[in-house]
Amino acid sequence: MFQISGPSKLVRAIAPIICLIGLGSLSACTTISPTNTNTPADLATLTQTNTLFYGGSILTMQGMSPHYVEALLVKDGRIVFAGDLKQAQKLKQKNTQEVNLNRHTLLPGFIDAHSHLNSVGLQQTVANLYPTPDGNVSDIASLIRELSLWQQNNPDFIKATSGWIIGNGYDDAQIKEKRHPTADDLDLVSTNHSIIVLHQSGHLASVNHKALELLNINKNTPNPTGGIIRRKANSQEPNGVLEEAAVFSAMATAFSKVPPEIMQNMAKTALNTYIKNGYTTVQEGRADHGTAELWRSFAAINQLNIDVVVYPDIINEKDYMLKNGSSLNYQNHFRIGGVKISLDGSPQGKTAWLTQPYFIPPEGKPKDYRGYPAYPDTKMVQDAINLAYKNHWQILAHANGDAAIDQYLATIETANAQYGQADRRNVIIHAQTMREDQLDQAKKLGLIPSFFSLHTYYWGDWHKHETLGAERANRISPTGSALRKNMIFTEHHDAPVIPPKNMMVIDATVNRTTRSGDVLGEDQKVSPYIALKSVTDWAAYQYFEEKDKGTLEKGKLADLVVIDQDPLKVPTQKIKDIKILATYKEGQLIYQSPQ
C-alpha cells in the first residue's frame, strides 16, 4: 500500500483505550503494529497531524482541468502547502510524518451530496435482498430464501423489534417474475411474525398478512394522502404492496419499539461504511427529529469522526426546525444544514410524477398513468418553501419526475420574487427526468441539480423498456446538458438505495452503461475529471463549504482519500474497480484498507 514513518510511541500507548471506547474504526483498531514504525499507516495520526504526502498522483481538483502537485504538507488538520516536493521538504517540521503514496493517488475526501446516513446502518443490519452486484436475490424464491435465512440468524433483532422480520433492497426490475413480492409470498417465511421488505428505491414495500393486520390495513382502509395501498385484481383486498406514504407509516410502526442501543449500533455501522468508501462529509437527507438528535448526541460525546449534515423534513418537522434552525458551523462534526421536502416518488418504482405517461404503466393503471405528487396541494408546498426562505434554510427537494420538478421550480420562482433570490444554493435532488427548459430555469433561479447517474447502470434497461422509453431514458440525469449550460451540479448514490460506493458513482457518470451493456445517452456523458468535481469541489459548494473542502490547496481542511489508481489514467470501464486504501479527516487517519 503506502508507507508512513515518524513518531508513534504515544499512540501505541493510547490505541487500546481508543478502540475500547469506540473512537477508532474497526480496521484501525486491528492494524496496530507496536514494534515496526515503518508499516502501513495506523492510529498514529489520531494524535500526529503533521504529515507530508508524496510519491503518487496528488490531484488537487482545482479549476476545470486536471492539476497535479508533487507533495502535500499538512499541519494541525489543514493543508499548509501543495506543490513541489523539494519546497515541501524545506517547510516540514522535525516531527512531520512522511507518507510515501507508492504511486497511488491522493484526492480530496469524497463529499456525499445526498443520501440517508442512518438508513445505511439499517440496510447493513436487516436482510440483504439486493440483486447483483450488491446481493443475491434474482427471483421470488431467492428472496424468500434470503429472508428465511436472516430470520434464523437474527432472533435477538426480531425480538428487539417486537417480532418484525425486516428486509431491504429487492427490485422488481431485476426479479425474474418482474413483480413485487405479495403478502401471500411473504407468508411463506412466517405467518406468526410481521414482515416488511423495502424496495430498493425506498419508495415501495411489501408486507405479509400479519403485518397488514397489525397496521390495520384492510379492504376498507383508504389510501393515505401521497400514498397507495395496492389491491388484489377485481377486489379491494390489499395484496401487501405499499407505495410512498403508506410505506413510511409501516416502517415507523416496525421501528417504534427498537431499543436505543440497536439504533446506536446501526448508526455506528453506517458511519464506518461511509468512511471505508472514502467519505469525509456525509448527509442525513430526510431526518425526523429523533434521527437528528441521535447524530447530535453522537457529536456531544465526540463519536463523530467525519462531518454529518442533517436535513430534517420540513413538512413533518416544522416545529423542530423553528426551534433549532440551521447553521453553517459544525459542533463536533455535526450541523443542521437546512430542510428536505419530497415532492414525488421513484421512476424505477413508477411512482415519480411525470408530465407524460409511463411507457408501460403499472398493472391495473390506465394508459395515461403519470405517477402522482407527494403533495397535490401546491399551496402546502409553497407555504413550506416560503417558511424556509423566511428562516434562511437551504432547501433540498426530492423531485424525480419532470412534473414534480415543475412544481418545485414554480414555488421557488414565487419565493425568489417575494423574499429575494440571494445565495441560497437550493438543490433539486435526483432531477432524473429534467428537461432542457427546466435546466435553463433552474440556472436562472440559482438552483443546483444533484443527479443520480447510477440509474443508468442499475435501472437503465428498465427505464428504456419499461418506465420511460428510449428517448426519455437517454436523458436520465442529464449531466452533459448541465455542463454545456455551465451549471454546477453534484452526483450522489442515495444510499441505501445503492450502497455508498463512490467509484461506482464516478463510473456511471462517465460511462452511462446499463446492465446489458447499452450506453444510455451518449451526449450526456462527462469526463472522469468532471465526475470527480461533482463529488468533491462542486459538492463542497453545494454545502457552502468551498472555503474549507473540495480541493487540495493551502488553508483547506486535510480531508483526504487515497485510492489505488488514478481515475483519469485508467480505462474508463475500470473506474468502478478502483479501491479505497485510506481515508483521512483533518489530517487524521480514520480508515486503512486491510489489504
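Modeller: On a 1 Å grid over the protein atoms alone, a pocket is an open set of points with protein on both sides within 12 Å along at least five of seven lines, a cavity is a set where a 1.4 Å probe fits but cannot get out, and lining residues have an atom within 4 Å of a point. The model discussed here is predicted, so local features need pLDDT of at least 70 and side-chain atom pairs pLDDT 80 or more, while totals for chains, interfaces and linings use all residues. Residues are numbered from 1 along each chain as its sequence is written, and side-chain values use heavy atoms, with hydrogens and water left out.

Colleague: What makes up the lining of the largest pocket, and which residues lie nearest its centre?

Modeller: The lining has 43 residues, with Ser119, Phe248, Met251, Arg286 and Asp288 nearest the centre, around about 1,200 Å³ of space (the volume filled by probe spheres set on grid points joined across faces, edges and corners). Among the elements that give two or more residues to this lining are α4 (117-125), α10 (260-276), β14 (279-287) and α11 (289-300), where helices are DSSP runs of H or I of at least four residues and strands runs of E of at least two, numbered from the N terminus. By class the lining has 17 nonpolar, 19 polar and seven charged residues, with Ala, Val, Leu, Ile, Met, Phe, Trp, Tyr, Cys and Pro taken as nonpolar, Asp, Glu, Lys and Arg as charged, and the others, Gly among them, as polar.

Colleague: Why are α4 and α10 called roughly perpendicular?

Modeller: Their axes, which are lines fitted to C-alpha atoms over the stretch in contact, with angles from 0 to 180 degrees between N-to-C directions, come within 7 Å and cross at roughly 100°. Angles of 65 to 115 degrees count as roughly perpendicular (under 35 is roughly parallel, over 145 roughly antiparallel, the rest oblique), and therefore α4 and α10 are described as roughly perpendicular to each other. Residues in contact, with heavy atoms within 4.5 Å, include Leu117 and Val120 in α4 and Met263 and Tyr274 in α10; this contact divides into nine nonpolar, six polar and no charged residues.

Colleague: How are α10 and α11 packed, and what angle do they make?

Modeller: The angle is about 75°, with the axes 11 Å apart, and therefore α10 and α11 are also roughly perpendicular to each other. Met263, Gln264, Ala267, Lys268 and Leu271 of α10 meet Leu294, Trp295 and Phe298 of α11, giving six nonpolar, one polar and one charged residues.

Colleague: What makes the pair of Lys549 and Asp307 a salt bridge?

Modeller: A salt bridge is a side-chain nitrogen of Lys or Arg within 4 Å of a carboxyl oxygen of Asp or Glu, and in this pair the closest N and O atoms are 2.6 Å apart. The pair links distant parts of the chain, Lys549 lying in the loop between α22 and β22 and Asp307 in strand β15, 242 residues apart.

Colleague: Where does Pro133 lie, and what is the omega of the peptide bond from Thr132 to Pro133?

Modeller: The bond from Thr132 to Pro133 is cis, with omega near 10°, and Pro133 lies in the loop between β8 and α5.
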